[in-house]
Amino acid sequence: MRESRYDLLCAFLLGLNWAIVHVHSLSFCMLTFTVGNLAAPWALGILGSKYALLLGSMFFSLHIATFFYIHYIPYYITSALLGIGYALFYVGNGAYITEHSTKTTIERNSALTWSLTQCSMIIGGMVMLFTIPPAKSIVDDTVPSNSTDAGESYRVYSQDEIWLLYGLFLLVTILSNQLSGYVYLPAYYSIVFGLSDMLAGFAIGATCKRVHNFSKLPTLTIGYVSLSIAMVLALLSTPIWATTTPTDEGTLFIEPNFYLSLFIAVLFGIGDNCVNTSRTVICSLILPEKSAQVFSISKFHQVSENETHLRI
């Protein structure tokens with residue numbers, strides 16, 4: 001097999017691997033993730049990139065398996081292992097891409113890998129469309145609301161549905177009465193986010209062939225602008241307490257609606273691929289002989305800041 005085709009195949013398989021094992025990091029596992037990033041380059045030197053990816057994937061699978069029997073002890077243990085596994089997986093992912101790419105193919109391979117990663121969002125959204133039943137009539141054990149209308153209630157999700165929803169990346173749920181009738185909104189959001197992310201990756205890969213260094217500062221700028229607009233729109237169209245409880249309160253400026261939510265998903269999808277592709281390319285090229293340390297430091301700063309925000 002030609003080297004260029006082999007490198008492309010490696011990027012393709014790596015993206016699928018990300019799509020299968022990607023799990024949302026909770027506050028508890030982010031603590032071990034932060035610390036694990038400091039030791040990940042050392043572990044990578046012993047295991048190599050392939051076995052680091054394998055071990056990280058095993059920790060992901062172990063954490064998911066604990067949801068077949070929910071208990072706080074295995075949950076917290078595997079959450080800690082999840083953070084360590086994600087540190088190994090991320091550093092191994094960066095090292096693997098660097099090993100199987102050249103300066104001319106790193107941009108394409110990074111964009112392709114992250115695009116295929118978001119297949120999980122599309123598949124998850126499609127599964128949700130066929131498994132979430134329509135909202136039922138009023139039940140006795142509905143979530144209490146501060147609404148003054150006596151006939152209003154909110155749908156209660158079963159335990160199986162909670163298991164299914166767990167793990168979706170960047171799912172923005174607006175729990176206000178304006179959107180309470182769209183029971184399939186999380187599914188549509190997931191699909192649109194995944195498609196936007198994939199299309200952005202394919203566009204970056206195609207543009208890199210014509211524009212020199214497009215995946216660096218230009219792509220990073222596009223990602224920054226897209227994420228900034230998406231976060232501002234989400235802030236202005238979401239009631240203050242909507243992320244924690246159903247509410248009838250007004251928004252800051254924009255009334256939320258179905259199409260605005262999907263537009264925000266498009267912006268988040270584009271920004272997600274641009275930022276991650278650009279970071280992968282920059283970390284791979286800035287110090288190629290020490291790519292593991294560069295990837296580790298990059299993720300350490302990101303996760304430590306996220307952990308600080310969560311604690312605050």
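Buried residues make up 46% of the 312 residues in this chain, where buried means under 20% relative accessible area, exposed means over 50%, and partly exposed is in between, with a 1.4 Å probe and protein chains only. This is a predicted model, so local features need pLDDT of at least 70 and side-chain atom pairs count only at pLDDT 80 or more, while totals for chains, interfaces and linings use all residues. Residues are numbered from 1 along each chain as its sequence is written, and side-chain values use heavy atoms, with hydrogens and water left out.

The chain has ten helices and zero strands; these are DSSP runs, H or I of at least four residues for helices and E of at least two for strands, numbered from the N terminus.

Now to helix 4. It covers residues 106–117. Its twelve residues reach 16 Å from first C-alpha to last, close to the 16 Å expected at 1.5 Å a residue, the expected span being 1.5 Å times one less than the number of residues. Eleven of the twelve residues are buried, including E107, S110, T113 and W114.

R108, also in helix 4, is partly exposed because its relative accessible area is 24%. Its side chain makes a polar contact with the side chain of N109, at 2.9 Å. A polar contact here is a pair of N or O atoms within 3.5 Å; within protein, one must be able to donate a hydrogen and the other to accept it, and residues adjacent in sequence count only if both atoms are side-chain atoms.

What does S215 touch? S215 sits in the loop between helix 7 (185–208) and helix 8 (217–236). It counts as buried because its relative accessible area is 0%. Leaving out residues up to four places away in sequence, S215 touches E107, I204, C208, S278 and V281, contact meaning heavy atoms within 4.5 Å.

Last, the largest cavity. About 70 Å³ of space lies in it. Its lining is Y90, N93, I97, S110, T113, W114, N276 and T280, lining residues having an atom within 4 Å of a point on a 1 Å grid where a 1.4 Å probe fits but cannot get out. The volume is the space filled by probe spheres set on the points, which are joined across faces, edges and corners. Helix 3 (72–99), helix 4 and helix 9 (258–286) each supply at least two lining residues.

Conventions: On a 1 Å grid over the protein atoms alone, a cavity is a set of points where a 1.4 Å probe fits but cannot get out, and a pocket is an open set with protein on both sides within 12 Å along at least five of seven lines; lining residues have an atom within 4 Å of a point.
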